[in-house]
Amino acid sequence: MTLVAGVDIGSTTAKCALIEDGRIVGKSLAPVGVELVKDAERALEQALAEARRDRGEVRVVTGTGYGRFKVTFGQFTVTEIGCHAKGAHFLFPGTRLVLDIGGQDTKAIKVDPNGEVVDFAMNDKCAAGTGRFLDVCAGALGYDVSEIGALSLGARHPVKVTNTCTVFAESEVTSYVARGKDPKDILAGLYGGIVSRSLSLMQRVGVEPEVTFTGGVSKNEGMVRTLERRLALRVNVSPLSQYVGAVGAALYGLERPTGAPA
Amino acid sequence: MGDTGTEPRFLTTARDRQREMVEEYYAGLAGAGGPKKPVAYMLVGGNLTEIVRSFGYEVVFPEIVALNCAIKHVSLPNILHAESQGYGLDVCGYVKNDLGLQELGGETPFGRIPPPDLLVCSFSGCYVYVKWWEALAEKYGCPLFMLDVPYLRDATPQPEDIQYIVTQLHELIALLEKATGRAFDPAELRATLARSRRAEEGWVDYLASGRRRPSPIEAYFEAVFYMFPINVLRGTEVAADFYATVNAEVDERVRSGMYPVPDEKFRLVVEGVPPYPSYRTFWDFFRKWGAVSVAATYPKVGGLFDRGFLHDPARPFESIAEYSLGAYVNQSWPLRRTLIEEYVRDFGADAVLIHGIKSCRSFTAGQGDLRDRLIHDLGIPTLYIESDHEDPRYFAPAQIKNRMDAFFESLDRRKGTTPLPMVSG
């Protein structure tokens, strides 16, 4: 009975997963502010509260994500690339390719049958095609990002969103709205643009089934369907897809002698 | 503490000497220590320094001035000035640093760079470079000599290509005789080449020591410092002597068991020009993981001496031609790829790291294919990252560090050592 925690401090949210005996027993998710150490603490405390466990029971805490070095109460850090690979393999053992679209970056990660990273490619210094991009474009359409997931499914004439820069795309969406285009068609165009960008990264490392889609953007049904159509593959999406990095981090902690970090 | 992270004095002798040589060189350019010599500007790749020096010229390499500006964090004002003159964002950072610096008067923290009396475009493989030299010729109204070096397509240079370059070398000599009023002295050229040869052999010995385990050298970050004499001062006595100092220090490192990376964990081959504006930050990303470069292509941009392209006083013109043809930047991609594969094999490397340059398509184009070939065809773990050699605006430390951390993590797990890093920045 070893309880381990993974804390994933991303660009927009902090996630925590608690694992015991191969089961996820607790989790939490909350937006991050500027005090990342406190955000990390809070993420762990909320996950513990959900699991009705005490802090003292946690044997190893592993930090991941861009803010991993702010998980100062943890014992180890692992990049989110390794953690998404391990977490995706845990949830879907047949995973060979992970597409993770988070708040500000997109990663394509090729994994071996054991869930180890073989190769990866990431977007380069630009948030176009990420969760932030969807936030901005949803706002330009007058929606909250949580409302736009299934909207595009009824699109009949998807527009072409030619620009993949977040700032310019917002102007482009505004222009389509002004021309009276159906929001469904605009969203379908946006998803098509994001998937094209993601495919470029995926093809760089090699597309091979099974493909597992993780990160906040994988909660968007329209994105999932667009990706599946372009790949001509069914894509794994877990209800826990936002927690995959935290799950992977927790699993890394299990590989260490408990309570005796290297 | 020395650059290699080691304390003892004897381990920084060569680096201290290199610093002195750089200072003396730039002080000399600024006019210290005697009457001013005429100045020739030249490019590093396959350069003709021996011929030009034999006519009494001092040689300035604007690429090296540019990298010195970048490493001292003064390249951006020059680049911004060049951009204000109309040079675009995608124009080579070396070019913009130099043209901006020229317009701003040539003052640098390491001395004033004198204007050219002669321009020798010794590498015409990059079209932007050709235009750079033309812009300088227009600004200063000085003679411009373009050396047309055919791309090296086969491992052994073709006799026709050698002869083509030799013909041009004689044209250069005629120009130098006219410009200086001095007659060409074959004996002086042979003597200069003999000194070059001695430096080249010492440099090759230094580079070969990366084969040892652990490596007593850092074949990228440290070798970049030791490139200065082989590129800038080649043909001089001080350059020839310098590599004896370097190799004595390497021997001492082996004897005393003190290495640039004390607990060598990963042996890398590195391809690409360094991000000079963030040189030490980038180097730290390697050291943190116990990664040492055991071989690298970039320190060979001036010449692939370790592949046999050495100057030969007995065949002065032919060996200069062969050397120019064989410069790394002049080699075709299949040859560059083969060289990297051989380095991985011969130096027992675990992986390849490629650093691409945003503003240099000439050097960088093809690196994506190289990455694919190494990973997919040969199974060699390879990381491609990108910033710039001159422009600090392109270096995103958090993103580069994240990619490198992920890469080393995966290498670590492949090797089965799996010590997760502790929580630290």
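Me: How many bridges join E2(A) to strand E3 of chain A, and in which sense do they run?

Reply: Strands of a sheet pair through backbone hydrogen bonds, either parallel or antiparallel. Here eight bridges join E2(A) to strand E3 (residues 23–31) of chain A, and the two run antiparallel. Two strands pair if DSSP finds at least two bridges between them; strands (E, at least two residues) and helices (H or I, at least four) are DSSP runs numbered from the N terminus. Before going on, note that this is a predicted model, in which local features need pLDDT of at least 70 and side-chain atom pairs count only at pLDDT 80 or more, while totals for chains, interfaces and linings use all residues. Residues are numbered from 1 along each chain as its sequence is written, and chains are lettered from A and ligands numbered from 1 in the order in which they are written.

Me: Which residue in E2(A) is the bridge partner of Gly6(A)?

Reply: That partner is Ala17(A). Strand E1 (residues 3–9) of chain A is joined to E2(A) by seven bridges, running antiparallel, and three residues lie between these strands in their hairpin. Ala17(A) also stands opposite Lys27(A) in E3(A). The hairpin of E2(A) and E3(A) has two residues between the strands, and there Asp21(A) takes a positive phi near 50 degrees.

Me: How many residues of strand E2 of chain A are buried?

Reply: In a regular strand the side chains alternate between the two faces of the sheet. A residue is called buried if 20 or more other C-beta atoms, placed from the backbone, lie within 10 Å of its own, exposed if 12 or fewer, and partly exposed in between. Eight of the eight residues of E2(A) (13–20) are buried, so the strand is largely enclosed by the rest of the structure. Thr13(A), Lys15(A), Ala17(A) and Ile19(A) point one way, with Ala14(A), Cys16(A), Leu18(A) and Glu20(A) pointing the other way.

Me: Is Ser218(A) buried or exposed?

Reply: Ser218(A) is buried, with 24 other C-beta atoms within 10 Å. Its place is in the loop between strand E9 (211–214) and helix H6 (221–231) of chain A. Leaving aside neighbours within four places in sequence, Ser218(A) is in contact (C-beta atoms, placed from the backbone, within 7 Å) with Ile101(A), Phe213(A), Val224(A), Val237(A) and Ser241(A). For another case, take Asp124(A), in the loop between strand E8 (117–122) and helix H3 (131–140) of chain A: Asp124(A) is partly exposed, with 13 other C-beta atoms within 10 Å.

Me: In what order do the strands of the open sheet in chain B come?

Reply: The four strands are ordered E8-E7-E9-E10, with parallel pairing. Strands E8 (291–296) and E10 (382–387) of chain B stand at the edges with a single partner strand each, so one side of each is left without a neighbour in the sheet. Neighbouring strands are turned by 30 degrees against each other on average, direction ignored. Inside the sheet, strand E7 (266–271) and strand E9 (351–357) of chain B share four bridges, and Val270(B) has Leu353(B) as its bridge partner in E9(B). Helix H16 (397–415) of chain B packs on this sheet, touching E7, E8, E9 and E10, and its direction makes about 170 degrees with that of E10(B).

Me: At what angle do helix H4 and helix H5 of chain B pack?

Reply: Two packed helices are described by the angle between their axes and the distance between the axes. Axes are lines fitted to C-alpha atoms, for helices over the stretch in contact, and angles run from 0 to 180 degrees between N-to-C directions. H4 (75–84) and H5 (93–103) of chain B pack at about 85 degrees, with axes 7 Å apart. They are therefore roughly perpendicular to each other (65 to 115 degrees; under 35 counts as roughly parallel, over 145 as roughly antiparallel, the rest as oblique).

Me: How many residues of helix H12 of chain B are buried?

Reply: Nine of the 11 residues of H12(B) (316–326) are buried, among them Ile320(B), Tyr323(B) and Leu325(B). The buried residues pack against helix H2 (49–53), helix H7 (159–180) and helix H8 (186–208) of chain B.

How values were computed: Two residues are in contact if their C-beta atoms, placed from the backbone, lie within 7 Å.
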